[in-house]
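Visitor: I am new to this structure. Please show it to me, and then let me ask about its parts.

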Amino acid sequence: MTDNPAEIVEEAGHAPARESRHWRRFAVVSLVVGLLFGVPWWTLVVAGGWPMPVTVAATLVFAAALVALPVLIFTGHGKHRDVPSAIGDVLLGMVWVVFVWSVLGNIARLPLIGLGVDEPLRSRLIAVAVIVVATVLLGWGHYEAMRIPRVRRVPVRIPRLGPGLDGLRVAIITDTHYGPINRSRWSAAVVERVNELDADIVCHVGDIADGTVEMRREQAAPLAKITAATRTYVTGNHEYFSEAQEWLDYLESIGWSSLHNRHVTVQRGGDTLVVAGIDDATAAGSGVSGHGQDLAAALDGAEDGAPILLLAHQPKQIRHAVAAGVDLQISGHTHGGQIWPFNYLVRLEQPVVQGLSTHGERTQLYTSRGTGYWGPPFRIFAPSEITLLTLSTA
């Protein structure tokens, strides 16, 4: 109840607006899901003119998958239940790959028409080709997602780096996304590989897990065995789906420096490197009290003239780094696209999808393809990585 009639009018006006937005979202999601399943169904089943029993059976499979996907996603991720989440993620990855190659298969109709291949042979050749290619890519993509990442070695020249810091080694892991599929052994093997690099600094650049500390503690626990003298962590957007502050506290408890809009320094040979970290770009809108990217706070008290290494989960946070004169920003978030051709969609939101790039007069950005995977356990044409940056003055 309220004593202000204006508030009653305002609330009454907001209700239809909220309902309208709800229906618009529902319509968009329905259209997307309809296309994801509809295009493959037409390409693989309808267009080929298969015998009726085959058409009916295949249609029932598509219909069951169409119903199952939103149910699994809602009852899984929506309710933090691992089994339906894992099944839903696999189904989502499968339908995306089959959709993409169904679209490409239909484009291939044109050269087949030019070659004089008639129906229904033309559609059947396309259907078989789509199934074979999708099956091979899904098998290979699952292997790529689940294997221990290869090490990507990248030299980075930082002119302001003091001679005492020349050759400093920075190892990067990011987007581990500990989740519904238990990857404790994978996590331990990643830590072993990182320790073999003998890095001076190890950074985790966010999206550590999908779930709470309590849910993912077993998978995250091997991070305590990282042996580098300096271990730093910043939040990603996924931490703000569940317990961002708790993850910051947990990393601190196992010996990491959680850079919640603050910095630490690394000194060697009389020279200093400022290692700063800021919250993810989504933090301010997450509703988590006291969170939100604040580079000014992160650099408060930093030594004047010292080179700055910034951890910021999303590449698009680079504009703040450029304005502050940061020398090198390290980011993740993009996964390199994870499942081709999603990298083109990522590029619509982020300035860089992967690799080393230059922004402004001084600032460089390294964007990792990520160490783990999100959601569908597949990586197709976007391999995971553990990155080793070697900093030099020349």
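Guide: Start with a term: buried means under 20% relative accessible area, exposed means over 50%, and partly exposed lies in between, with a 1.4 Å probe and protein chains only. This is a predicted model, where local features need pLDDT of at least 70, side-chain atom pairs count only at pLDDT 80 or more, and totals for chains, interfaces and linings use all residues. Residues are numbered from 1 along each chain as its sequence is written, and side-chain values use heavy atoms, with hydrogens and water left out.

Visitor: Is D198 buried or exposed?
Guide: D198 lies in the loop between helix 6 (184–196) and strand 3 (201–204). Helices (H or I, at least four residues) and strands (E, at least two) are DSSP runs, numbered from the N terminus. The relative accessibility of D198 is 61%, so D198 counts as exposed.

Visitor: What is phi of D198 near?
Guide: Most residues other than glycine have a negative phi. D198 is a residue other than glycine, yet its phi is positive, near 50°.

Visitor: What is phi of E243 near?
Guide: E243 sits in the loop between strand 4 (230–233) and helix 8 (244–253). With a relative accessible area of 32%, E243 is partly exposed. Its phi is again positive, in a residue other than glycine: near 60°.

Visitor: How many helices and strands are in the protein?
Guide: The C-alpha atoms fill a box of roughly 80 × 70 × 40 Å along the principal axes. Of the 394 residues, 50% are buried. The protein has eleven helices and twelve strands.

Visitor: Which residues in helix 5 meet helix 3?
Guide: Contact means heavy atoms within 4.5 Å. On the helix 3 side are G93, M94, V97, V98, W101, S102, G105 and N106. Across from them in helix 5 are I126, V130, V133, A134, L137 and L138.

Visitor: Which residues is E144 in contact with, leaving aside its neighbours within four places in sequence?
Guide: E144 is found in helix 5. Its relative accessibility is 6%, so E144 counts as buried. Neighbours within four places aside, its contacts are R150, R379, P383 and S384.

Visitor: How far apart in space are R157 and D327?
Guide: R157 is found in strand 1 (residues 150–157). At 46% relative accessibility, it counts as partly exposed. R157 and D327 are 170 residues apart in sequence, but C-alpha to C-alpha they are 9.7 Å apart.

Visitor: Where is the place of P120?
Guide: Most peptide bonds are trans. The bond from E119 to P120 is cis, with omega near 0°. P120 has its place in the loop between helix 4 (109–114) and helix 5.

Visitor: What is omega near for the peptide bond from W340 to P341?
Guide: P341 lies in the loop between strand 9 (328–331) and helix 11 (342–347). The bond from W340 to P341 is cis, with omega near 5°.
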